[in-house]
Amino acid sequence: MTTARRLMRGPTRWLLPLCGFALLAGSLVAASAVGWMPHPSPLTSAALTPANPDADMPVPKQNNFFSSNTTHTTGIEVPLRVGLEAHVQAQLSDVLAFYRTELAKRGWEEKPDGAVVAADHAQLAFAAPKGPATLKLGRAKDETTVSLVQRNTEAAAKANVLPMPGRARLIFGYLVPNVASLTINDQTIEIAGGENHPQMLDLPPGTYSYELVVSGYRLRTDTITVASGEAWSISFDDDKKPDQIY
């Protein structure tokens, strides 16, 4: 897997590769785009308008910052996962109303189960045309923060990253010709070096401590929190945190 980021300041655009992963080399690609806008004066109107009315992942035109990212796999045109992050200088209630309106226009159906709406945060689940989706809103520095994620169930199934029902899937592999192991959930999984054959482990939702060991050296000890239906990749890079790929 490799990660690329596209940065935008005004009309200028370019591609900047950031780092690579041993896992599924050349198979999964995560790409990001980031944009900044001049800091506007505080909004006095609740009427937010979309920057691009035709975009699948809408963002208010009145945003101070936005970024988008996608995860692709070789041979499958549509992304496994699409995400959008934004900062909007508006009240949370106004941003929530904006997304409920705009997502409904795109055929997203809001699910009442597990919905949380408070003065300083909100979380909603949706059944989108391509798969499950989640909207999270928060407050920081007089702005409303936005995290919008949509997952493509059909693409994930074709890529063999879709977990068993009620489980989350971890995907891990190791390409350097040494012996490696992953210890998680009271089990240790040996990983053969020099092979591009990622291994998979389905776990119940929860938070797990894990340890990565290479040639007897403890590479990293950390925790990972996974939810039902998600898929995550665990990299053997020294400082690389797990990546959610679906």
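Tutor: Two strands pair if DSSP finds at least two bridges between them. Strands are DSSP E runs of at least two residues, helices H or I runs of at least four, both numbered from the N terminus.

Student: Which residue stands opposite V88 in β9?

Tutor: T144 in β9 does. Before going on: this is a predicted model, where local features need pLDDT of at least 70, side-chain atom pairs count only at pLDDT 80 or more, and totals for chains, interfaces and linings use all residues. Residues are numbered from 1 along each chain as its sequence is written, and side-chain values use heavy atoms, with hydrogens and water left out.

Student: How many bridges join β5 to β9?

Tutor: Eight, and the two strands run antiparallel. β5 also pairs with β4 (residues 63-73), antiparallel again, over nine bridges. There, S68 faces L84 of β5.

Student: What does G75 do in the hairpin of β4 and β5?

Tutor: G75 takes a positive phi near 90°. Two residues lie between the strands of that hairpin.

Student: New topic. Which residues touch the most other members in the largest nonpolar core?

Tutor: Y99 and V146, in a core of 23 residues. A nonpolar core is a set of buried Ala, Val, Leu, Ile, Met, Phe, Trp, Tyr and Cys residues joined through side-chain atoms within 4.5 Å. Buried means under 20% relative accessible area, exposed over 50%, partly exposed in between, with a 1.4 Å probe on protein chains only.

Student: Which elements supply at least two residues each?

Tutor: β5 (76-88), α1 (92-105), β7 (121-128), β8 (131-140) and β9 (143-151). α1 gives the most, with six residues.

Student: And what does Y99 touch?

Tutor: Beyond four places in sequence, Y99 touches P58, V59, P60, L84, A104, L135, V146 and L148 (contact: heavy atoms within 4.5 Å). There is also a second, separate core of 21 residues, with A180, I184, I189 and L219 among its members.

Student: How many aromatic pairs?

Tutor: Two. Rings of Phe, Tyr and Trp (its six-membered ring) pair if their centres lie within 6.5 Å; planes under 30 degrees apart are stacked, over 60 edge-to-face, the rest tilted. F98 and Y99 have ring centres 4.9 Å apart and planes at 90°, so this pair is edge-to-face. Both residues are buried.

Student: Why is the pair of W108 and F126 edge-to-face?

Tutor: The planes stand at 65°, with centres 5.9 Å apart, so W108 and F126 form an edge-to-face pair. This pair links distant parts of the chain: W108 is in the loop between α1 and β6 (109-117), F126 in strand β7, 18 residues apart. Both are buried.

Student: Where does R151 lie?

Tutor: Over the face of Y246, at 4.9 Å from the ring centre. The rule: CZ of Arg or NZ of Lys within 6 Å of the ring centre and within 35 degrees of the ring normal.

Student: Back to strands. What is the order in the open sheet of four?

Tutor: β12-β11-β14-β15, with antiparallel pairing. β12 (187-191) and β15 (217-226) each have a single partner strand, so one side of each lacks a neighbour in the sheet. Nine bridges join β14 (residues 206-214) to β15, and V213 stands opposite R218 in β15.

Student: Last one: A227, buried or partly exposed?

Tutor: Partly exposed, at 32% relative accessible area. A227 lies in the loop between β15 and β16 (231-234). Its C-alpha atom is 4.6 Å from that of P205, 22 residues apart along the chain. Leaving aside neighbours within four places in sequence, A227 is in contact with R167, A168 and P205.
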